[in-house]
Amino acid sequence: MNQSSKDTLDANSANSANSANSANSANYLFLLVGAPLVAFIIAAAPALQGQHPWFLVDTTIRGVSGLLLQAIPFTLIGVLVSAAVETWVTADFIEKHVPKSTANGFLAAILAGVCMPVCDCVVVPTFSRLVARKLPLPCAITFLCAVPVVNPVSVLATFYAFSDAPAVAIMRIALGVGIALLVGLSFVIFPSKTNILRKKILVESESSLHCSCELNNESNLTKNNIEKHSISAQIRKYVQHIHQDLIKLIPIIVCGTIVASVIRAWLGADPASRVQVSNVFIAIPVMMAIAYASSLCSSSDAVIARSLATSLPMSSVLVFLLFGPMLDLKNTLMLVEDCRGKFVWRLTLTIAFACFLASLLAHWAWGFIA
C-alpha cells in the first residue's frame, strides 16, 4: 500500500470516527431527553384512549411493545453475526472460499440461510458487509432473500403453526428458495453497473481492513506478541462493531415498529376481515401491503397467518408469509441506510413481482394439494 493510499484511508478513518462520535452523542442526548417523555406517554396512554377512543395511543404502544419483544432477541443474534462478518471475514477469505460458479454460489447462499438463525430484523447489515467484502452481488441478494424464510427458527415456527397442514410450511420453504434464486438470477442477467453500497459503508469497510493490515504488518513486535495483540485487538474491534450496530439499528427498528403499529392499530385487530374476497388478484396485493406495513418478525408471522387461513385464499396467506419476511418497513429503512436508492427500488420491485408470481403459482397448485 503506497503512502498516498494510506493517508487517504487514515483521513477516511478519522472522518468516520468523528461522524460516529457525533452520532453517538446525538443518540445519547436523545436517550436522556426521550426516555422520560416516552415514560410519561406510556403512563398516560390508557387514560388518553379511554377519554378519546379514536386516539389509539394505548393500542399503538401495546403493538410497539409486542413487535420489539419479537425483534430484540433476533436483533442481538443478527448483530453478533454482522459484527463477526465485519471483523473476521475479509475479501481474501471470500475470494478463496466462495464457489467460483454462479450455481454453486447460489447453493452456498441457500445453505447459509438454512443454517443461520438470523431473521429478517437484521439480515440487511450482514448483507451489506458481505457485499463490501466483495461477495458477488447475486449470491448476496439470494442470501438476503432466503435467510428470513428458510432459517431454522422460521421453519419450525411455520410447521408448528400449520401442524394440521404441513403442505403450507413446505410450500413456504420451496417458494421462498425459488423466489430468492429468481431475484438473485435477475442480477446475473441484468447486473448492476455501479456499486450498490453508500460511500460511508465502503469507507467503514476499507478502514476496518486497513486496521487489520496494520496489525499484521507490525515489524517491531515478536511473533507471539503480534498474535496476542492481534487477537485482543480483533476482539476489541468485534465489541466495537456490536456497539456501533446496536446504536445504528435500534432507532431504525423503533421507528419502523412505531409506524407499523400505527398502521396496525388503524387496520384493527383483524385486518384480514376487511379483505374477505375470493379474487386472488385483489387478496394477494392487499396481503402483500399488510405484510409490508405490519413488519412482523419472520419467527412469529406464521401464527398470524394461521388465523387468516380460514377467511382468505391460501395463496394470499402464502404471499403474506413470503413477502413480509423478505421486505417490510424495517428492512426498507435499513436498505435505504446502507444502499443506494436505485438499487433499493429495483430490489423492492423485483421481490414484489417474484412474490406475486409465486403466489399465483401457489393458487394454481393448491387446488391439487388440498
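# Reading burial, packing and backbone angles

Modeller: Let's begin with Pro125, which is buried, its relative accessible area being 5%.

Biologist: Which cut-offs separate buried from exposed?

Modeller: Buried means under 20% relative accessible area, exposed means over 50%, and partly exposed lies in between, using a 1.4 Å probe and protein chains only. This is a predicted model, where local features need pLDDT of at least 70 and side-chain atom pairs count only at pLDDT 80 or more, while totals for chains, interfaces and linings use all residues. Residues are numbered from 1 along each chain as its sequence is written, and side-chain values use heavy atoms, leaving out hydrogens and water.

Biologist: Where is Pro125 found, and which residues is Pro125 in contact with beyond its sequence neighbours?

Modeller: Contact means heavy atoms within 4.5 Å. Pro125 belongs to helix 5 (residues 123-132). Beyond the residues within four places in sequence, its contacts are Ser82, Leu249, Met334 and Asp338. Glu86 is 39 residues apart from Pro125 along the chain, with 9.6 Å between their C-alpha atoms.

Biologist: How many helices and strands does the protein chain have?

Modeller: Both are DSSP runs numbered from the N terminus: helices are H or I with at least four residues, strands E with at least two. The protein chain has 15 helices and 0 strands, and 45% of its 370 residues count as buried. Of the contacts between residues at least 6 apart in sequence, 84% join residues at least 24 apart.

Biologist: How do I read the buried residues of a helix such as helix 7?

Modeller: An α-helix has 3.6 residues a turn, so residues three or four places apart point the same way. In helix 7 (residues 152-161), Ser154, Val155, Ala157, Thr158 and Ala161 are buried. Viewed down the axis, they fall within an arc of 165° (taken from the directions from the helix axis to the C-beta atoms), so they line one face of the helix. Leu156 and Tyr160, on the other side of helix 7, are exposed. The cover over the buried residues includes helix 6 (137-150), helix 8 (166-189) and helix 12 (301-308).

Biologist: At what angle do helix 6 and helix 8 pack?

Modeller: Axes are lines fitted to C-alpha atoms, for helices over the stretch in contact, and angles between N-to-C directions run from 0 to 180 degrees. Under 35 degrees counts as roughly parallel, over 145 as roughly antiparallel, 65 to 115 as roughly perpendicular, and the rest as oblique. Helix 6 and helix 8 pack at about 160°, with axes 8 Å apart, and are therefore roughly antiparallel.

Biologist: And which way do helix 11 and helix 13 run relative to each other?

Modeller: Helix 11 (residues 280-294) and helix 13 (residues 314-326) have their axes 8 Å apart and pack at about 30°, which makes them roughly parallel. Among the residues making this contact are Ile284 of helix 11, and Ser315 and Val319 of helix 13. Ser359 touches Ile284, Ser315 and Val319, not counting residues up to four places away in sequence. Ser359 lies in helix 15 (residues 341-369) and is buried, with 0% relative accessibility.

Biologist: What is the phi value of Lys134?

Modeller: Most residues other than glycine have a negative phi. Lys134, which is not glycine, has a positive phi near 75°. Lys134 sits in the loop between helix 5 and helix 6 and is exposed, with a relative accessible area of 58%.
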